[in-house]
Structure formats: C-alpha cells, structure tokens
Amino acid sequence: MAASYREYASPRGLEDVVGCLWENDWVRLEPQRVVPDGCVDLVWFGSSGLKVVGADTGPHVVEPLGSPTAGIRLRPGAAGAVLGIPASEVRDQQVDLSLVWGSGTDLTPDVMSAAAPSRRLGLLARAVLRRRATPDPLVVAAARALARPDARVGRVADDLGVSERQLRRRTTDAIGYGPKTLARVARLRRLIALGGDELAVRAVLAGYASQAHMTEEVGRLTGLTPVRFLKDARLTAA
Amino acid sequence: MNIDIDAARQFIHANGRVLERHRLATLLDGAPTEPLLTALRAYRNPDGGFGHALEPDVRCPGSQPAATLQALEVMLEAGVTDDPMLDDAARWVAAVALADGGVPTVLPSADGHPRAPWMEPGDVSGFLTFALAGKLWQAGVGKGWLDAASEWCWRELEGEEPAGGYTVKFAIDFLDAVPDPPRAAAALERLRPALDADGCLDVPGGTENERLTPLDFSPHPGLPSRALFTDAQIRADLDRLEAGQREDGGWTVEYLQWSPGAALDWRGIATVLALGVLRANGRLAS
C-alpha cells in the first residue's frame, strides 16, 4: 500500500519554494491522521476540488476519500509568497484555491478534472512556477536555525538581528504560525528522523528537555503517545 | 577539505575572462550581480541572442544557441531571474527555432569563423534544444516556444532511439527543469541504462579521457536527476572533482583543445563551475 504514495523532487527553478510533489493513487478506506510538518500543500482532492491545506498546529483526521489525490508541498517560509496572502489565514484549514488566487489563474478545478492524472502534478507545478514567488529569507534562516536541537527562539531572533515580535510576525505571514510552534514541529521531525529504539535517548537527541517533555509535546502535536506515533511515523519531504 | 580557494582566485585573476572574474566574485563573495550583467551584456547582440565566443567553441560575433545557453546559465547561476535579457534571449530562441520546435546546434552565422570541429552549422534540431528548454523553464520565461520545444524533447526522449553522449546530459538538464515530475521521472529511468557502473558515460568520438560524470549530469543535491545516482557515486565524483584542481589553482576540461584562447576560456569556466558544484554539495566552506 505504501507504493501508492510517491514523492517527486522539485523541478529546477522551484527548489526554493517547493519541498516535493506527491501523488497518492490509493483510494483510502480508513481515516488518516495528519500531523503538523510546517508545510502548506496545494492538493487536488478529485471531486472535492483544488484546495490549499494550511499548516497545522495540531493533529487532524482526514476522512476516507473516494479518489486519488495529488499535491505540491510548499517549503516552510514559502507559503505566504506563493499564496499571496498571510499563510496564517489558512492555518489549520482547507480552503478552495480559487478563494486564495481568485479568478486570475488558469489552474481551476475544471482544468484539473479534464487533465489526465499523469498531467495533474505538472499543472500544479506550472501554476506555482508562474507565481514567481521567493520565500521570505528571514523566515528560511529562522526555520533552519530553529531546526537545531539546542535552538531558542530569543537567541535565533538575536542572531538574525530582529526582535522576537518581528520574527513572530514574519514567520506567521510566511508559514502560518509563530517561531515557538515552528521549533516544536522541527523537534517532532527530528524525533522521527532519528530512528533507533531507545525513546529516552531519542528524546534528548531530538532536543526535548526530558522524556516527559517529549510525551507532552508529541501528544499535543499528534494526539498520540510517542510510542504509538513513532510506530507508523514517516518523514515526508519539506 | 583540500581545495585551495586562494589558488583558484589567483588562477582566475591570471587567466580568466572579465565574465569569470565577476562570476567568481558573485559565487564566493556574494558580490552584487550588476557588474556581472554588464560583462554579460558585452556578448549580447541587438537581436537578443548572444555570440562573440561566449561559448568558447563557436567564435563568431553572431548570436548562437550555444552562446545564448551560456548566458542563461550565467544569469541563473547568479540567481538573476528578473533581468530583461532573459526575456529577450527567450524571444531570440523562439525566433531561430525550426518548425518542429527544436533549435539547430550551430547557426549559419558561424560560417567562415573559427570553431571546434564538432560545431558545424546545420538546419536540423539538435541537443541544445533540451538544454535551452531546461534553462528557460528554470528561468520562468519563454512560454510560447517552451511548449513546442518541450514536445520536441518528449518526442526524442520517448521514441525508440536510445540517447547517448552529450544528449544524455542535456536531456537530464531538461528533465530536471520541466514541471512535469511523473513524466520526467519515467524518462530519467529510461536514460539509466546509458550510464556505466560508476554513473559515468564515455563520450563517443571524444578525446581519450572524455567522460561525462554524475556531477556533469546532476550537479546539485535535491535535483530530480539525483535519483539516477547512489550517494557513493556522487561522493566518489566529488572526490574526483576536488582532486582535479591543478598546480596553478584552476580546473581543466578533457575535450579537444583546438585553439589556445578557447582552451583557456574553458579552464576559467570549468574553475567557476567546479567551485560552484563543490559549494552546492557541501565540499566548500561557505
């Protein structure tokens, strides 16, 4: 079943804004749990149309869907520029892409429906290419700095030469939420990436203060205990 | 880490063209791009194309596909995506394109001017079509011609004839940039049998040592084409590239050195490219 989900690397010229393109042929029968990853996706949901899936701050459950899906994953920091609105406006939400891009785009649900499945990712990629967006460099630098295990928001803001308040505003516009949440999401991704079995060791290496701290934060972001969450967790490109 | 950056600078300052001096300054020191674009403009013709041996193997004043490709490469390498030269270059490419969407490798304006033996003017679409389409996709310009050119590229790639030599490299450039990931991934897989166990490809009819290597095909991490190579193949090729710095600080090329000026021009280009590739792959302290 895993083979039904495929990721493709970003085409040249989009590397700064696109983490990956993906498609999922599998018509799911079970609800699926989606956890925060700092990314905004543009997703073709078949009969439900073309949506912006905003950055999540907590887990949510996606109901089974009767058709294959395909999407383009925007890198942390790129969503605001690509969407043309503050990314916080779509946080924890799914919004019709036409409401965000208006009627000025040639990427419409009709165009996507008419296209052969093998062409849909190409249409999404072209639409993003035409936006000619550049991610906010401050936020990209902040996301990189906050991905280090010992990162502190105050220090990162200092190192970047901005106030914490300014960093929060820029991050919220570009990603959808502030640096504290971004740091928590980065910690969760590190925890998944680390592998290995010894949970207490993984917790420390990922940057949690303690195993209890990990349990609390993983619970808030995923709705599961670390043991249950890590059993099936898989790192997606971002 | 055994790259001598100072020696590389000395090499460029001793031997490089004005253009490579500015490319180096942009690459290593984050210098502003305006002097680089000014240097590039000196190779530009009023028709929007580039000539004047910007690509050292076709040394005519007139605009040529190879030179225009180099101009696009230089601009994109420096992160320039909004200069009007890009749109003009795209319009020039569209103007010289043939009815099938492709572009000849060498145009008749090269007649009577010095050039490499393999750079003969012709009137059929050639492999630079792949490379030019790739660069224009990457730059986000050239919408009208790109659709026709991409169709030409897909026809070539999805036909019966297997690609070889430089066609493989330019085809990969196209596939890395065309915004059509599943189709590109499938086409990349069809090119895999052309590569040997090291991920290299001997150039038929080239000089004795002339081979295309994984970093020629896929210079940067994260490109779709990296799927064709193992980490070990990339690492081995990075070691080779690191070791390729000569006593005089510069890198060199293996293809036929048919004119002293062209040979030196290529060494400057190869040196800038080597530093860029090593930097992008984490082998050069930023």
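Predicted model: local features only at pLDDT ≥ 70, side-chain atom pairs only at ≥ 80, totals over all residues.

Colleague: What makes A:Arg6 and A:Glu23 a salt bridge?

Modeller: Their side chains come to 3.0 Å, N to O, and the cut-off is within 4 Å, so the pair counts. The pair joins distant parts of the chain: A:Arg6 sits in strand 1 of chain A and A:Glu23 in strand 2, 17 residues apart.

Colleague: Buried or exposed: how do you class A:Glu23?

Modeller: Buried, because its relative accessible area is 8% and the limit is under 20%. A:Arg6, at 28%, counts as partly exposed, since that class runs between 20% and 50%.

Colleague: Why is A:Asp136 called buried?

Modeller: Its relative accessible area is 18%, and under 20% means buried. The side chain of A:Asp136 meets that of A:Arg170 in a salt bridge of 2.7 Å, N to O. A:Arg170 lies in helix 7 of chain A and A:Asp136 in the loop between helix 4 and helix 5, 34 residues apart. A:Arg170 is partly exposed, because 23% falls between the 20% and 50% limits.

Colleague: And how do you know that A:Asp173 and A:Arg169 meet in a salt bridge?

Modeller: The N to O distance is 3.5 Å, which is within 4 Å, so that pair passes too. Both residues lie in helix 7 of chain A, four residues apart, about one turn of the helix. A:Asp173 is at 30% and A:Arg169 at 45%, so each counts as partly exposed, between 20% and 50%.

Colleague: Which residues of chain B are linked in a network of salt bridges?

Modeller: B:Arg17, B:Glu20, B:Arg23, B:Arg59, B:Glu77 and B:Asp265.

Colleague: What makes the contact of helix 8 with helix 9 of chain B nonpolar?

Modeller: Helix 8 of chain B brings B:Ala171, B:Ile172 and B:Leu175, and helix 9 brings B:Ala184, B:Ala187, B:Leu188 and B:Leu191. Ala, Ile and Leu count as nonpolar, so the tally is seven nonpolar, no polar and no charged.

Note on methods: Residues numbered from 1 in each chain as written. Chains lettered and ligands numbered in written order. Heavy atoms only, no water. Contact = heavy atoms within 4.5 Å. Helix = DSSP H or I, 4+ residues; strand = E, 2+ residues; numbered from the N terminus. Buried < 20%, exposed > 50% of the residue type's maximum accessible area, 1.4 Å probe, protein only.
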